[in-house]
Amino acid sequence: MSNSQNPSGIKDKVAALSKNFQTVDIDGHDLPPSPAPSTPRNGRKYALATELVYTEGSDQYNASSVPIYQSATFKQTSASGGQGEYDYTRSGNPTRSHLERHLAKIMRANRALVVSSGMGALDVITRMLRPGDEVITGDDLYGGTNRLLKYLSTHGGIVVHHVDTTKPESVTAAMNSRTTMVLLETPTNPLIKIVDIPSIATAAHSANPGAIVAVDNTMLSPMLLNPLDLGADIVYESGTKYLSGHHDLMAGVIAVNDQVLGDKLYFTINASGCGLSPFDSWLLLRGIKTLGVRMEKQQGNAQRIAEFLESHGFKVRYPGLKSHPQYDLHWSMARGAGAVLSFETGDVNVSERIVESARLWAISVSFGCVNSLISMPCRMSHASIDAKTRAERAMPEDIIRLCVGIEDADDLIDDLSRALVQAGAVNVTLDGFHALGNGQEVGESSSGASPPS
């Protein structure tokens, strides 16, 4: 008997095929045709460079690129609502979900969430604080982080302790049963200090088992550091930086392993409506795929530039140099030195002339972009921190921050050399040139050997 004469047989075959090709995520939840899980269903784990690029999809048209679901609402099948995976993009969107699963994979997290900016991510995290809660954080912070914490301490009744987080004993001394959150950055910005995440996380959880250790991993990205593996409870990043890589979007990323914590953070995102838009989610997903090759080139360039500056007598702050006081600590946690470094000239006016004399180096805040940037943090990204506080935190007013891109390293060095000479920052002789004004002569510090493999 033919199938046309046996409708029940056809239904059985369709049911069997449907069972074999169910669209479920890695937790077994039913999904619409897209997005599919970003992790291979067979559970195989690839090298990070591969995982960054590989995203599994089951779009109904087999699209190679995850579709942009540029829709604010989704039709439901029932008058009572709640029948579909998505109903309103503020609460969830297929493009954003695919990005979040992909980020969870590469950040070695159980759950990732994306919002409209890096500061938006920190805002979501700090909304868990209540009046009287105490926060311990560093004395070398991104200006925006400092600004938000200042607002919370002034208007929200939150007690904020700024300590030298490079000294675990200083952090421990500030801890007590009311310590609700420990907020860390490593390397710090712009002093490039290194924080011992495992030691501080252990101490925080001992002082208060309910304390949350949150780490801003923007400076290194998941390519070079995974703070969740080191004891952190929350990792957050500005997706505007390395994850995107092109400064054509703003985004914030939060990653956790604890399901309850993830649900709390999602509640705030859904309630406040700060979830990342579908188009920006698509852009960020595209940027992540090239993170590996971009970071490899950028930190290679940064290593050469750091060695160049140090060999010519400048005080350079970069964890790829063995002269860095916390070189060993950094490499015990991280897989690379990153692509942000800073150096000092000893004179604010000289530093200003260097910045304004550069041509290839664009004067701009932020970092992580494919093109190289130069800035004076005390005049730009950290200007929101008053001069008195900057002095108390030993932040040199003359410090210059270099955010290295993917250009040819020789061109970047040549342009920087010209700017140094033009600004009068070096003493030029027949044998070359060396720095003036900071008390450090050529050969006084290490030449900066290559980091360990």
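Visitor: Which residues lie nearest the centre of the second largest pocket, and how many residues line that pocket?

Guide: The second largest pocket is lined by 30 residues, and those nearest its centre are M119, Y142, S238, K241 and F367. The model is a predicted one, in which local features need pLDDT of at least 70 and side-chain atom pairs count only at pLDDT 80 or more, while totals for chains, interfaces and linings use all residues. Residues are numbered from 1 along each chain as its sequence is written, and side-chain values use heavy atoms, with hydrogens and water left out.

Visitor: What makes a space a pocket rather than a cavity?

Guide: On a 1 Å grid over the protein atoms alone, a cavity is a set of points where a 1.4 Å probe fits but cannot get out, whereas a pocket is an open set with protein on both sides within 12 Å along at least five of seven lines; a lining residue has an atom within 4 Å of a point. The second largest pocket holds about 460 Å³, a volume being the space filled by probe spheres set on the points, which are joined across faces, edges and corners.

Visitor: Which element gives the largest share of the lining of that second largest pocket, and how does the lining divide by class?

Guide: Helix 5 gives the largest share, four residues. By class, the lining has 10 nonpolar, 14 polar and six charged residues, where Ala, Val, Leu, Ile, Met, Phe, Trp, Tyr, Cys and Pro count as nonpolar, Asp, Glu, Lys and Arg as charged, and the others, Gly among them, as polar.

Visitor: How many cavities of 30 Å³ or more are found, and what lines the largest cavity?

Guide: One such cavity is found in the whole structure, and the largest cavity holds about 40 Å³. Its lining is made by M107, N217, P222, L225, N226, P227, L228, V235 and E237, which divide into six nonpolar, two polar and one charged.

Visitor: Why is S244 called buried?

Guide: Buried means under 20% relative accessible area, exposed over 50% and partly exposed in between (1.4 Å probe, protein chains only), and S244, at 2%, therefore counts as buried. S244 is found in the loop between strand 6 and strand 7. Contact means heavy atoms within 4.5 Å, and, leaving aside neighbours within four places in sequence, S244 is in contact with G239, L249, L284, G287 and R294.

Visitor: What makes helix 4 mostly covered?

Guide: Helix 4, residues 118-126, has seven of its nine residues buried, namely G118, G120, A121, L122, V124, I125 and T126. What covers these buried residues includes strand 1, helix 5, strand 4, strand 6, strand 7 and helix 9. D123 is partly exposed at 25%.

Visitor: How do you know that R108 forms a salt bridge with D229?

Guide: A salt bridge is a side-chain nitrogen of Lys or Arg within 4 Å of a carboxyl oxygen of Asp or Glu; the closest N and O atoms of R108 and D229 are 2.6 Å apart, so the pair qualifies. R108 lies in the loop between helix 3 and strand 1 and D229 in the loop between helix 8 and strand 6, so the pair ties together parts that are 121 residues apart in sequence. D229 itself is partly exposed, at 42% relative accessibility.

Visitor: How many salt bridges are found in the whole structure, and what does K193 pair with?

Guide: The search finds 11 salt bridges. K193 pairs with D164, the closest N and O atoms being 3.6 Å apart, and this pair links distant parts of the chain, 29 residues apart. Both K193 and D164 are buried, and together with D139 they are linked in a network of salt bridges.

Notes. Helices (H or I, at least four residues) and strands (E, at least two) are DSSP runs, numbered from the N terminus.
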